[in-house]
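Please find below a colleague's note on the structure, arranged as numbered points.

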Amino acid sequence: MPCDDRISRRQMIKRLAAGAPVALLVTVFPRLAFGGDRKPGEKRPLYAYAVDVSRCIGCCACMRACRAENDVPAGFFRTWVERFRVRGNGEVLVDVAATDGFVFKAAPDEDIVKAFFVPKLCNHCEKSVCSQVCPVGASYESPEGVVLVDKKHCVGCGYCVQACPYGTRFIDPVSHTAGKCTLCYHRIVRGELPACVLACPKGARMFGDLHDPKSHLSIFLRQRRYRVLKPEMGTHPKCYYTDLDLEVI
Amino acid sequence: MNYVFPNELHVTWTVMIVLYPYITGLVAGSFIVSSLYHVFGQKELKPIARFSLASAFVFLLFATMPLLIHLGHPERAFNMMITPHFTSAMAGFGYIYGSYMILVALEIWFVMRGDFIARARGGGPVAWFCRALVLFNTDDTPATREADHRIVKFLAGLGIPLACTLHGYVGFLFGSIKANPWWATPLMFVIFIFSAIVSGISVLIFHYFVVSRINRWKIDAECVKSLGRYLWGFMMVAVALELMELLSLAYEQTEATDVLGHLIRTRLFFSYVILQFMLCSLVPFVMLGITALFKLKERTAYLLIWLSSCLLLLQVLLMRWNVVVGGQLVSKSMRGFTDYFPGIWEKEGLITAVVIFTLPFGLLYVFHRLVSLFPDAEKLPEIKSGA
Ligand code: SF4
Ligand code: SF4
């Protein structure tokens with residue numbers, strides 16, 4: 001009996017060894033050659049985002065749209081709008097809108113010499129440090145360059161929240177997993193725009209495919225000077241800002 | 001002007017994450033004391049060698065508890081070992097922790113095998129348990145003891161780098177977060193190792209005095225004085241490292257200097273400057289210095305060493321608090337600070353923290369009932385009333 005046993009085990013190993021290259025060919029080769037589910041020759045999109053700061057009027061329609069679309073838990077934000085006001089003496093006042101938007105005074109009583117709004121969201125960094133630090137790989141980059149969280153795998157340790165230099169992540173109090181902007185992944189894979197982009201009445205928020213030279217975003221980025229937030233972090237953000245003041249961090 | 005990013009109003013890492021490096025620090029520190037005896041032959045530490053190993057073990061058993069309470073999905077905790085994502089510093093935790101646990105358990109087993117065998121004689125559930133513990137091999141001869149001793153020495157030696165890895169690694173978890181200016185320093189893991197040793201020695205001194213008092217045991221003067229000297233030395237290095245870190249921060253005048261200076265002067269002034277540095281570093285430094293350099297009456301020296309150990313235990317806890325919580329108070333907008341204080345009754349609150357911290361002491365007591373952790377302790381002579 002022990003002899004038979006050994007033979008069958010050997011056979012098993014042989015079969016496995018023979019099967020491995022076949023399995024490899026079947027699963028890996030088409031992916032290498034055709035890029036998975038894409039048609040041959042078709043280039044995968046690389047999604048990115050841009051904000052034209054000079055166009056934002058601080059209406060916060062984007063924030064409301066995001067909340068409605070993505071069921072964002074109260075007290076947390078996938079996107080928000082910051083208001084910067086600079087006084088004559090150089091002092092900078094920054095605040096963020098509550099869910100309903102900013103409270104504007106009819107006649108400002110402060111000596112404000114400059115004011116502007118800056119929408120913020122996850123930068124879908126090319127070298128996303130949040131994905132790097134996730135101990136279980138629940139934070140990951142989709143093939144289209146969108147940084148996502150696998151809610152079924154996330155352990156809710158919060159390491160990614162600590163690691164993101166932009167404060168765009170949070171631990172969702174309902175699912176107890178990491179929450180963040182997904183660029184409305186469920187919409188963009190259907191060819192629709194993210195809710196915030198669609199809601200912005202001034203076209204201050206833009207979304208598009210960097211691999212497509214004819215996309216709205218690619219054309220915009222060719223025509224304008226832009227920068228990213230905290231480039232010194234080495235995260236290579238893919239959210240590009242035009243007309244951004246030095247004050248914005 | 002106080003502006004924080006809106007998601008930063010909620011502090012993600014609570015007092016549980018303060019407790020986690022604190023407890024692993026106690027593990028590493030206690031283990032190193034036991035290795036000073038087993039590997040480096042510091043004979044005067046013999047009275048406390050077993051106790052320190054047992055302390056390392058029980059603290060290690062509870063080190064993951066605050067983490068599990070903190071995780072949003074503790075039932076998925078093993079994902080870290082089943083599907084580790086090796087670019088993450090945190091992914092190594094399970095492996096490092098697991099291998100250290102095996103090593104400490106093995107070392108305890110070999111150190112106490114003789115005692116387990118002695119307890120295994122006779123009947124009753126405890127004897128049965130001990131028989132199972134020694135795998136039903138009750139051979140206890142000079143030759144087996146010699147073999148056990150050699151293995152213990154090897155394990156204790158191997159354990160030192162592993163203890164440093166375990167705790168240095170915890171420091172690295174914080175030190176490698178480039179987004180947080182209060183954490184991101186390569187010195188972090190050295191600081192963590194030294195503060196771990198300080199807390200480990202302190203908890204042993206503290207505990208040794210308490211149990212000796214309760215049981216009316218004679219305190220081993222050589223052992224305590226030696227521990228006091230080690231404590232003095234290690235605390236000097238630990239505090240000096242932290243001060244160096246502060247000095248370079250202040251001197252470099254980077255973007256972070258302003259905001260961190262503000263943090264220290266305002267939010268952390270009491271817990272960092274007054275408590276951690278003034279009360280809990282300077283005072284024990286002077287007290288331990290006096291006991292090391294001058295000849296004092298035994299009672300006075302003991303009192304100073306014990307008080308220092310209490311203060312240093314608190315110092316390391318404060319250090320963990322100031323690192324973990326302090327770092328999260330600074331907004332990544334560099335324009336303000338958020339607030340945090342744990343609730344008393346909440347899931348990750350103060351009561352939970354106190355309970356988690358007391359459990360290891362309870363387990364140590366059970367352990368001691370099973371096999372004596374102070375086999376050489378002598379009873380003080382009875383003082384007869386009216387004599
Ligand atoms: S902005 Fe933060 S959460 Fe978004 S990809 Fe970059 S590091 Fe990750
Ligand atoms: S909270 Fe979730 S996504 Fe974030 S690091 Fe932890 S496991 Fe990964």
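1. Chain A exposes about 12700 Å², of which carbon and sulfur atoms supply 59%; accessible areas come from the Shrake-Rupley method with a 1.4 Å probe, and for residues only the protein chains shown count as cover. Of its 249 residues, 49% count as buried, that is, under 20% relative accessible area, whereas exposed means over 50% and partly exposed lies in between (1.4 Å probe, protein chains only).

2. This is a predicted model, in which local features need pLDDT of at least 70 and side-chain atom pairs count only at pLDDT 80 or more, while totals for chains, interfaces and linings use all residues. Residues are numbered from 1 along each chain as its sequence is written, chains are lettered from A and ligands numbered from 1 in the order in which they are written, and side-chain values use heavy atoms, with hydrogens and water left out.

3. Chain A has seven helices and eleven strands; helices (H or I, at least four residues) and strands (E, at least two) are DSSP runs, numbered from the N terminus. Among the contacts in chain A with a separation of 6 or more, 60% come from residues 24 or more positions apart, a contact being heavy atoms within 4.5 Å.

4. Around ligand 1 there are 14 residues, of which Cys122(A), Asn123(A), Cys125(A), Cys130(A) and Cys164(A) come nearest; a residue is near a molecule if one of its heavy atoms lies within 4 Å of it. The shell of ligand 1 comprises eight nonpolar, four polar and two charged residues. Here Ala, Val, Leu, Ile, Met, Phe, Trp, Tyr, Cys and Pro count as nonpolar, Asp, Glu, Lys and Arg as charged, and the others, Gly among them, as polar.

5. The residues that surround ligand 2 include Cys134(A), Cys154(A), Cys157(A) and Cys160(A). Its shell has nine nonpolar, three polar and no charged residues.

6. In chain B, helix 9 (residues 221-252) and helix 11 (residues 269-293) pack at an angle of about 145°, their axes being 10 Å apart. Axes are lines fitted to C-alpha atoms, for helices over the stretch in contact, and angles run from 0 to 180 degrees between N-to-C directions. The contact of helix 9 of chain B with helix 11 of chain B has 14 nonpolar, four polar and two charged residues.

7. Which phi does Leu135(B) have, although it is not a glycine? The phi of Leu135(B) is positive, about 55°. Leu135(B) lies in the loop between helix 6 (125-133) and helix 7 (142-175) of chain B, and is exposed, with a relative accessible area of 61%.
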